Amino acid sequence: MQTRNSHIICCIILCLGFLGISSCSTTRSVPDGDRLYTGSSVKWTGKKPKDYSTLTEGLKKRIRPTPNRKFLGMPIKLWLYNLGNEPKGKGLNYLLRRKWGEAPVLLSQAKPDYTGTVLKEYLVDNGYFQAGVTSSVKNSGKKKAAIAYDAIPNHRYTIKSVTYLTDSSAIGKTVTGTYGESSLIVGKPYSLDSVKAERERIHAQLKEQGYYYFTPDYLLVQVDSTNQGTVDLFVKIKDNTPMLALRPYRMHDISLFPDYSLENDSLSTMGTPVHYKGMYIVDSARRFKPIVFERSVFLKPDSLYRLSSHNITLQRLINLGVFKFVKGSFRPIRDTSRHNIVGGSANAPAYRDTSVVRLGRAQDSTYRRDTMLARTYSAMVNNKISLDSGWLDAKFYLTPYKRRSLQAELRGTSKSNGFIGSEVRLTAKNRNWLHSATLLEIGLKGGMEWQTGNKSAGGTNSYSLGAEVAVTVPRFLTPIKGINIRSSYVPRTRMSASYELYSRQAMYNLNAYTLQLQYLWQKNAYVNHALAPIAVTYVLPTKTTDAYDSILKNDPSQRAAIEKQFILGSNYTITFNNQAANRIHSFYLSGNVDISGNLAGLLIKKGDSTKNILNNPFAQYERLSLEGRHYWTLGKGKQWINRLYLGYGLPYGNSSTLPFVKQFFTGGSSSIRAFRARTLGPGSYHNPKSDTTALLANEAGDIKLEFNSEVRIHLASVFNFAAFVDAGNIWLQKEIKEKPGSQFKFNTFYQEIAVGAGIGLRIDASIVVVRFDVATPLRIPYLAPGERWVINKINFGDPDWRKKNLILNIAIGYPF
């Protein structure tokens with residue numbers, strides 16, 4: 001023991017020595033007369049602003065240069081650089097200096113005076129017109145230095161008034177009419193960002209009123225700051241705004257080229273146009289039926305040009321899933337009695353003064369005067385000129401994907417109960433089935449699962465086979481015709497039929513047949529809807545064995561896993577997800593309602609004991625699940641995630657419990673990780689045989705409550721660290737005598753919450769995330785009251801304790 005301790009002390013001394021030597025070597029390659037730049041700090045002189053934390057972060061983002069990067073507080077890349085010498089060719093020095101290392105950031109590279117000016121301008125842009133920023137160099141030792149910036153905010157100017165300097169022209173009235181939605185609010189602090197937002201807002205409003213050529217640069221916001229700490233803002237259209245931007249445009253011809261290719265652009269835009277519901281479709285190869293575009297093109301002839309309709313049209317055409325490139329081209333026309341559908345190029349400029357020649361007419365003197373001699377806002381206001389026709393032609397060039405594809409997918413799984421497995425999936429796709437942009441998918445899958453360790457967890461080897469045929473139509477197929485949600489996302493109808501065989505070796509076979517009709521749609525980028533008015537599943541067990549019958553004697557509830565029955569249901573899921581890389585706070589919310597057997601229960605008479613369809617009972621239940629996640633970015637490479645899951649199922653009528661496939665489970669790699677999958681609960685119940693081969697680990701419940709909290713920290717490269725706490729359990733609606741303590745009760749459920757904690761390592765290679773989580777129970781609900789907290793029993797040095805209480809979860813992807 002003494003020898004072991006001495007070895008540990010020696011290792012610690014060596015590590016500290018290495019760190020000491022390394023810290024000295026950070027300045028090894030710093031030139032004489034210069035210093036290693038170690039970073040900058042920002043502090044406030046005088047009264048801190050109310051939003052000083054936000055302003056401080058903004059100031060720090062603008063400071064240059066950035067000091068050498070560190071890992072766990074150590075500049076490892078700089079150390080590696082200093083270990084090498086200037087390379088004379090390929091070799092170790094080349095690797096240290098050019099590949100692995102990072103050159104020192106020098107004080108001479110910093111420009112404090114220039115950076116101070118940048119920081120001052122940032123404060124001015126946020127309303128601190130009298131702000132000041134000073135800088136000073138802080139030397140450290142012989143070869144290091146940092147820079148300290150002092151910010152003096154002084155008074156922050158607020159908005160006293162906002163005036164729109166417009167006239168009685170159509171565009172002037174449009175700008176004035178949007179005043180109620182202004183981003184410039186009287187009494188609020190002045191900021192350049194709010195000015196930019198106002199320009200963007202007015203620009204968007206004008207684009208919705210037909211002003212196709214208007215841009216935010218044509219708007220001017222003048223600031224009068226001579227008002228004792230407040231500002232007067234004046235919004236106007238610049239006098240030199242060109243004529244094309246000053247009038248609303250209407251749509252004339254709308255043409256689509258669904259067989260366009262860059263390699264053969266001239267031929268792919270030639271052909272006989274087909275006029276269909278206001279559109280011209282040029283598709284000489286007849287790849288697509290015209291009905292494909294009926295619900296995707298929102299720009300209509302004779303209507304005002306609208307930016308929202310333009311964007312929705314582009315997004316809809318992309319989201320059809322059959323085109324890899326979509327490009328729109330708009331051009332003003334002179335003669336509305338003429339049509340020019342075929343020909344042209346997707347790469348031609350969006351506007352040319354020679355557009356009249358394209359129609360076969362020469363430019364007259366009036367047009368020349370309109371477009372050449374007087375193009376400005378002032379000229380329009382003074383009625384000195386006439387405008388052009390105010391009509392636009394739109395052409396959309398669509399490059400299709402290959403029609404057919406074959407996808408192969410290989411998956412590997414590793415479970416906490418000692419099982420590993422693999423699965424192969426083959427999917428054949430036809431993206432344009434029946435020439436209607438309908439997706440036809442034919443899938444086959446097969447997998448095996450076998451036990452390699454933890455033989456005491458129970459279970460046998462198994463295999464599965466499955467097949468599915470699915471058809472997804474890019475519109476709603478309903479008895480009510482013409483339903484078309486105004487959204488950038490294509491509404492879809494998905495019809496599928498599938499079969500799956502699950503076989504446990506020497507125990508049973510389970511056959512599942514499923515038919516489903518789904519409606520899928522998105523209102524915006526954050527909210528998804530999925531409604532399945534028809535979801536029918538028929539479960540048929542076969543080939544049960546004596547071995548499985550012996551298991552049922554120990555746990556009769558296992559019989560529900562292979563019960564023969566119909567599930568005649570409907571379900572609806574709504575999901576909100578606004579996760580984004582630049583968000584500090586992001587949320588994921590999901591709710592699901594699943595109802596089965598209501599209509600059948602009303603129409604079918606009861607038999608001897610149950611209501612049956614084709615001599616098979618059908619399930620009756622209501623099931624609700626809610627999930628919420630909060631993603632909090634704490635800083636660069638740091639994130640804290642909290643998750644809450646609530647599940648509630650109510651069996652009734654024909655059913656005493658939820659169907660096995662609809663019940664809730666807990667434990668495992670994406671749940672409460674300190675307990676093996678399906679071994680926890682329900683409630684305070686625990687069957688000691690669940691850890692032996694006499695019983696399958698398959699505990700399930702009608703009610704579920706689960707909370708997870710996890711902190712994720714980026715270490716280096718593809719490696720991430722996590723620390724987490726999980727809590728929760730499952731319960732039954734009605735207690736069964738074989739499982740005492742399994743019933744949910746409001747006055748005792750909180751005493752039956754399991755708690756676990758652990759740490760994890762994640763290898764995030766973008767394409768795939770491999771996760772290793774080690775967890776241990778902190779609270780075990782099936783122990784006697786008063787003994788359920790087991791924190792004081794943690795003993796990492798005891799091999800028996802580690803074997804029973806340290807759970808390793810290996811999984812693909814993040815748990816949530």
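Is K445 buried, partly exposed or exposed? K445 counts as partly exposed, at 22% relative accessibility. I start there because K445 belongs to one of the salt bridges discussed below, and a few friendly notes follow. Please keep in mind throughout that this is a predicted model.

1. **The K445 pair.** The partner of K445 is E500, and the closest N and O atoms of this salt bridge are 3.6 Å apart. E500 sits in strand β16 (residues 492–504) and K445 in strand β14 (residues 438–451), so the bridge ties together parts that are 55 residues apart in sequence. E500 also counts as partly exposed, with a relative accessibility of 32%.

2. **A buried pair.** Now turn to D773 and R762, which form a salt bridge with 3.0 Å between the closest N and O atoms. This pair again links distant parts of the chain: D773 lies in strand β28 (residues 769–779) and R762 in strand β27 (residues 754–764), 11 residues apart. Why do we call D773 buried? Its relative accessible area is 0%, and buried means under 20%. R762 is buried as well, with a relative accessible area of 1%.

3. **The network around that pair.** D773 and R762 belong to a network of salt bridges, whose other members are R673, E710, R712, D726 and R771. When you look at the model, I would show these side chains together. For context, the structure holds 26 salt bridges.

4. **A pair between loops.** K277 and E294 form a salt bridge in which the closest N and O atoms are 2.7 Å apart. Both residues are in loops: K277 is between β8 (274–276) and β9 (279–281), while E294 is between β9 and α9 (307–319), and the two are 17 residues apart. K277 is exposed, with a relative accessible area of 55%, whereas E294 counts as partly exposed at 22% relative accessibility.

5. **β25 and its neighbours.** Strand β24 (residues 638–651) and β25 run antiparallel and are joined by 11 bridges. Across this pairing, L646 stands opposite L705 in β25. β25 also pairs with strand β26 (residues 719–731), in the antiparallel sense and over 13 bridges. Here K704 has I730 in β26 as its bridge partner. β25 and β26 form a hairpin with two residues between them, and S717 in the turn has a positive phi of about 55 degrees.

6. **The second largest pocket.** Which element gives the most to the lining of this pocket? β25 does, with four residues. The pocket has a volume of about 1,500 Å³. Of the 36 residues that line the pocket, T66, R69, K70, K636 and K638 are the closest to its centre. At least two lining residues come from each of β1 (36–44), α2 (52–61), α3 (76–83), β23 (621–635) and β25 (703–716). By class, the lining comprises 16 nonpolar, 10 polar and 10 charged residues.

7. **The cavities.** How many cavities of 30 Å³ or more are there? The count comes to three. The second largest cavity holds about 50 Å³ of space. I291, V292, R295, S296, R316, L320, P474, R475 and V490 line this second largest cavity. Its lining has five nonpolar, one polar and three charged residues.

8. **A three-stranded sheet.** Lastly, there is an open sheet of three strands in the order β4-β6-β5, with mixed pairing. β4 (158–165) and β5 (219–224) are the edge strands, each pairing on one side only. From one strand to the next, the twist averages 20 degrees. β5 and strand β6 (residues 230–237) run antiparallel and are joined by six bridges. Within this pairing, Q222 stands opposite F234 in β6.

Notes
Residues are numbered from 1 along each chain as its sequence is written. This is a predicted model: local features need pLDDT of at least 70, side-chain atom pairs count only at pLDDT 80 or more; totals for chains, interfaces and linings use all residues. Side-chain values use heavy atoms; hydrogens and water are left out. On a 1 Å grid over the protein atoms alone, a cavity is a set of points where a 1.4 Å probe fits but cannot get out, and a pocket is an open set with protein on both sides within 12 Å along at least five of seven lines; lining residues have an atom within 4 Å of a point. Grid points are joined across faces, edges and corners, and a volume is the space filled by probe spheres set on the points. Ala, Val, Leu, Ile, Met, Phe, Trp, Tyr, Cys and Pro count as nonpolar, Asp, Glu, Lys and Arg as charged, and the others, Gly among them, as polar. A salt bridge is a side-chain nitrogen of Lys or Arg within 4 Å of a carboxyl oxygen of Asp or Glu. Buried means under 20% relative accessible area, exposed over 50%, partly exposed in between (1.4 Å probe, protein chains only). Two strands pair if DSSP finds at least two bridges between them. Axes are lines fitted to C-alpha atoms, for helices over the stretch in contact, and angles run from 0 to 180 degrees between N-to-C directions.
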